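Let's take a friendly look at a protein model together.

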Amino acid sequence: MDAILLQILNGLDKGSAYALIALGLTLIFGTLGVVNFAHGALFMIGAFCSVTLQKILTISTISIDETQKDFLGRPLEVKTPIVENWFGPEIGGLIIDWSVPLAILFAIPVMLVIGYVMERGLIKHFYKRPHADQILVTFGLAIVLQEVIKYFYGANPIPTPAPDAFRGSFDFGALLGLDTALAYPYWRLVYFAFSAVIIGAVFAFLQFTTFGMVVRAGMADRETVGLLGIDIDRRFTIMFGIAAAVAGLAGVMYAPINSPNYHMGMDFLVLSFVVVVVGGMGSLPGAVLAGFMLGILESFASMNEIKAILPGIDQIIIYVVAIIILLTRPRGLMGRKGVMEE
């Protein structure tokens, strides 16, 4: 029982990342009809927003402390973060400790601007081009962004710790009255809750706001909405920025789970596209459902008992499930008729 619960928790953790990235991918495809292979790079940039803010907050000034001496009797040089000079050691230290959650505020405008520039500067020229052309140009853009990050931040992963308050583990065993301890990291639970909030906010935005209703109408019939005098292209550009922000926020909060590195976007990109296809191209609920489902399946496939019977199954389980689903339901779990069927 405890092993099953642990794998479900691990699956929800992975599924949260898959669902958030796939949600952004589906938003872009559903509104603009663009297959965006640079979306994984947006996830990576979000993670490096956490790294960047941490580096900014830890910029230090050097002062001489006459009360401390080295072994030669000379005063020691002391490095003090600027935020501690500004706000004092207690508040300044707290700001540095909470750099990852604070990076959300930093990442939102950054990702919105990147999304806007990406859509207006490049992707708008490929709306009417074949999907193969879209894949090639966005994949090339992803490689460029990856190399830019590698140039400025290096090739090695950069540890980005969670706040001290969330560095421990929660004992689900005690909560459920199990005889054995079942510890699970607090930050992974925070990530799952954060993902649920973001997913809920996106669906609420599309469902209950006038802007979202117009966007959904445009997704269903773009020409008719345009004939009503609504600048649907402008709204779709804003949706591209929102989709970029969703991917970026997913990366920001994932940084303490998986230390940011320049190729993490590519690691998630392929899996996220499988998630989108399994859920159904253009289906937002399908993307979320498939993300969590495949995350849980991948988690169970990584169990030693399963790998002893089927070696390497954890590496291919998502693709096997995708093949089975697409053979039985070619449009995916919740795919719409006519999407990518021409």
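Arginine 129 counts as partly exposed because its relative accessibility is 41% (buried is under 20% relative accessible area, exposed over 50%, and partly exposed in between, using a 1.4 Å probe and protein chains only). Its partner in a salt bridge is aspartate 133, which is also partly exposed, with a relative accessible area of 24%. A salt bridge here is a side-chain nitrogen of Lys or Arg within 4 Å of a carboxyl oxygen of Asp or Glu. Side chains of opposite charge can pair when their charged atoms come close.

Keep in mind that this is a predicted model, where local features need pLDDT of at least 70, side-chain atom pairs count only at pLDDT 80 or more, and totals for chains, interfaces and linings use all residues. Residues are numbered from 1 along each chain as its sequence is written, and side-chain values use heavy atoms, leaving out hydrogens and water.

How many salt bridges are there by this rule? The count comes to five, and the table shows some of them.

| Aspartate 97 | Arginine 167 | 3.9 Å |

Helices (H or I, at least four residues) and strands (E, at least two) are DSSP runs, numbered from the N terminus. Aspartate 97 is buried, because its relative accessible area is 15%. Shared partners also join Asp97, Asp164 and Arg167 into one network of salt bridges.

In the pair of glutamate 119 and arginine 120, is each residue buried or partly exposed? Glutamate 119 is buried at 1%, whereas arginine 120 is partly exposed at 29%.

Now for the serine. Serine 16 lies in helix H1 (residues 2-32) and is buried, because its relative accessibility is 0%. Its side chain reaches the backbone oxygen of leucine 12 at 2.6 Å. Leaving aside residues up to four places away in sequence, serine 16 touches Tyr191, Phe192, Ser195 and Phe292, where contact means heavy atoms within 4.5 Å.

Finally, helix H8 covers residues 186-208. The buried residues of H8 include Tyr191, Ser195 and Ile198.

Note on methods. A polar contact is a pair of N or O atoms within 3.5 Å; within protein, one must be able to donate a hydrogen and the other to accept it, and residues adjacent in sequence count only if both atoms are side-chain atoms. The expected span of a helix is 1.5 Å times one less than its number of residues.
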